[in-house]
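Please keep the sequence and the 3D view side by side while reading.

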Amino acid sequence: MRENYRTIKSLGTKELIISKSRFIAHCTRVETEEEALSFIQHIKKEHSSATHNCSAYLIGEHDQIQKANDDGEPSGTAGVPMLDVLKKQGLKDCVVVVTRYYGGIKLGAGGLVRAYGKATSQGLEAAQIVERKLHKKMKVSVDYTLLGKIENEIRQSDYILDDIVYMEGVDFFVFVDRFQEDTFREWMTNLTSGQCTISVIEERFLEF
């Protein structure tokens, strides 16, 4: 099972002016290389009149797929610095395209590296960095006499109450960090004096 990881929440765009050149960072989350390439082509089409549309992406649990493209900028001054930002921030499953409209002032190799790195960082901030943590969705079934007590205890805890279903008894659906399953089971058993049934419904990543 995949470990907890950091990525971006959604599509983010950030524009900045550096020495009269416009740099526009576009960031989004992707799960496959095909999705990354499709996003890059979409931005290139949208900004077809731009001087450069440089890109970088990092995909896979162990960063198996990673690519950087300078799109006409001097080798190593755009795509690689962008990819380095993704790596240094510990992000996964992300693609970034930085569009540049040349403003007439040459930045030099060092200036380009800083500009593309800065644009990428600010684009990621706009997209919002999140941590995805694997949780188990637990079902706790109890008698109606325990409804108030259990609901109150769960709401005051660090566990995440997802739903309450009222049938012949009461079913609580609670998200529990995968490393806390045993602790949660013990806690529920003690609270109900053993008068509960606990099961795992599914495993799912939640974002924080």
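Contact here means heavy atoms within 4.5 Å. This is a predicted model: local features need pLDDT of at least 70, side-chain atom pairs count only at pLDDT 80 or more, and totals for chains, interfaces and linings use all residues. Residues are numbered from 1 along each chain as its sequence is written, and side-chain values use heavy atoms, with hydrogens and water left out. Helices (H or I, at least four residues) and strands (E, at least two) are DSSP runs, numbered from the N terminus.

**Helix H4 and its cover**

Start with helix H4, residues 147-155. Its buried residues are Leu 147, Ile 150 and Ile 154. Buried means under 20% relative accessible area, exposed over 50%, and partly exposed in between (1.4 Å probe, protein chains only). Viewed down the axis of H4, the buried residues fall within an arc of 80°, so they line one face of the helix. The arc is that of the directions from the helix axis to the C-beta atoms. An α-helix has 3.6 residues a turn, so residues three or four places apart point the same way.

What covers these buried residues of H4 includes strand S8 (160-166), strand S9 (170-177) and helix H5 (181-191).

Arg 155 also lies in H4. Arg 155 is exposed, with a relative accessible area of 55%. Leaving aside neighbours within four places in sequence, Arg 155 is in contact with Leu 161 and Ile 164.

**Two helix pairs**

Two packed helices are described by the angle between their axes and the distance between the axes. Axes are lines fitted to C-alpha atoms, for helices over the stretch in contact, and angles run from 0 to 180 degrees between N-to-C directions.

| Helix pair | Angle | Axis distance |
|---|---|---|
| H2 (79-88) and H3 (108-127) | about 40° | 8 Å |
| H4 and H5 | about 145° | 11 Å |

The crossing of H4 and H5 is right-handed. A crossing is left-handed if the near helix is turned anticlockwise from the far one by less than a right angle, and right-handed if clockwise. H4 contributes Lys 149, Ile 150, Glu 153 and Ile 154 to this contact, and H5 contributes Trp 187, Met 188 and Leu 191. By class, the contact of H4 with H5 has 5 nonpolar, no polar and 2 charged residues. Ala, Val, Leu, Ile, Met, Phe, Trp, Tyr, Cys and Pro count as nonpolar, Asp, Glu, Lys and Arg as charged, and the others, Gly among them, as polar.

H2 passes H3 in a right-handed crossing. On the H2 side, Pro 81, Met 82, Val 85 and Leu 86 meet Val 113, Tyr 116, Gly 117, Thr 120, Ser 121 and Leu 124 of H3. The contact of H2 with H3 divides into 7 nonpolar, 3 polar and no charged residues.

**Loop residues**

Where is Leu 11 found? Leu 11 sits in the loop between strand S1 (5-8) and strand S2 (12-18). Leu 11 counts as exposed, at 54% relative accessibility. Neighbours within four places in sequence aside, Leu 11 is in contact with Cys 27, Thr 28, Phe 39 and Ala 127. Leu 11 and Gly 123 are 112 residues apart in sequence and 9.2 Å apart in space, C-alpha to C-alpha.

Ser 19 is in the loop between S2 and strand S3 (21-29). Its phi is near 50°, a positive value in a residue other than glycine. At 35% relative accessibility, Ser 19 is partly exposed.

Asp 93 occupies the loop between H2 and strand S6 (94-101). Phi of Asp 93 is near 55°, again a positive value in a residue other than glycine. Asp 93 is buried, with a relative accessible area of 5%.
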